[in-house]
Amino acid sequence: PAKTSLIHLIYYLNMKTTFAFAALVTSAAAFSVKPAFRTSTALNNGPAKGAGGMFDTRDPDAFEHEDPRKSIGAAPSFEEYLKQRDAGAAPAAAAPAAPAPV
């Protein structure tokens with residue numbers, strides 16, 4: 001009887017020691033320094049997939065798709081853009097003012 005109680009005591013102390021060691025290791029991990037996540041410093045990471053599932057590009061080529069919503073029209077040249085901008089910025093002829101309500 002005394003011998004079995006001694007074996008149980010050793011087993012009990014061994015179990016408690018193992019549990020205490022495991023608790024110490026897991027609690028120490030909670031206070032460890034986490035790695036810092038930094039953003040990429042690359043200048044161009046390639047085209048990014050947008051929210052609509054399409055890839056965004058800086059200067060897309062003209063593209064005709066069977067679905068017109070997915071087509072990309074040809075962009076005007078810089079000279080054409082300047083002409084359109086200047087034509088839109090020209091002062092329009094003053095329209096006759098509507099008579100004031102009485």
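Me: In what order do the elements of the chain run from the N terminus on?
Reply: They run α-β-β-α. The chain has two helices and two strands. Helices (H or I, at least four residues) and strands (E, at least two) are DSSP runs, numbered from the N terminus.

Me: What kind of model is this?
Reply: This is a predicted model: local features need pLDDT of at least 70, side-chain atom pairs count only at pLDDT 80 or more, and totals for chains, interfaces and linings use all residues. Residues are numbered from 1 along each chain as its sequence is written, and side-chain values use heavy atoms, with hydrogens and water left out.

Me: What is the mean pLDDT of the chain?
Reply: The mean is 75, and 65% of the residues reach 70 or more. pLDDT is the predictor's confidence in each residue, from 0 to 100.

Me: Where is confidence lowest, and where highest?
Reply: Strand E2 (residues 55-56) is lowest, at a mean of 66. H2 is highest, at 86. Where pLDDT is low, the predicted coordinates should not be read in detail.

Me: New topic. How many salt bridges does a search of the whole structure find?
Reply: One. Asp67 pairs with Arg69, and their closest N and O atoms are 3.1 Å apart. A salt bridge is a side-chain nitrogen of Lys or Arg within 4 Å of a carboxyl oxygen of Asp or Glu.

Me: Is Asp67 buried or exposed?
Reply: Asp67 is buried, at 19% relative accessible area. Arg69 is exposed, at 74%. Buried means under 20% relative accessible area, exposed over 50%, partly exposed in between (1.4 Å probe, protein chains only). Of the 102 residues of the chain, 1% count as buried.

Me: What about aromatic pairs, how many does the structure hold?
Reply: One. The ring centres of Phe78 and Tyr81 are 6.2 Å apart and the planes are at 35°, so the pair is tilted. Rings of Phe, Tyr and Trp (its six-membered ring) pair if their centres lie within 6.5 Å; planes under 30 degrees apart count as stacked, over 60 as edge-to-face and the rest as tilted.

Me: Where do Phe78 and Tyr81 sit in helix H2?
Reply: They are three residues apart in H2 (residues 78-89), so about one helical turn separates them. Phe78 is exposed, with a relative accessible area of 55%. Tyr81 is partly exposed, at 39%.

Me: Last one. Which helix does Tyr11 lie in?
Reply: Tyr11 lies in H1 (residues 2-30). Tyr11 is exposed, at 57% relative accessibility.
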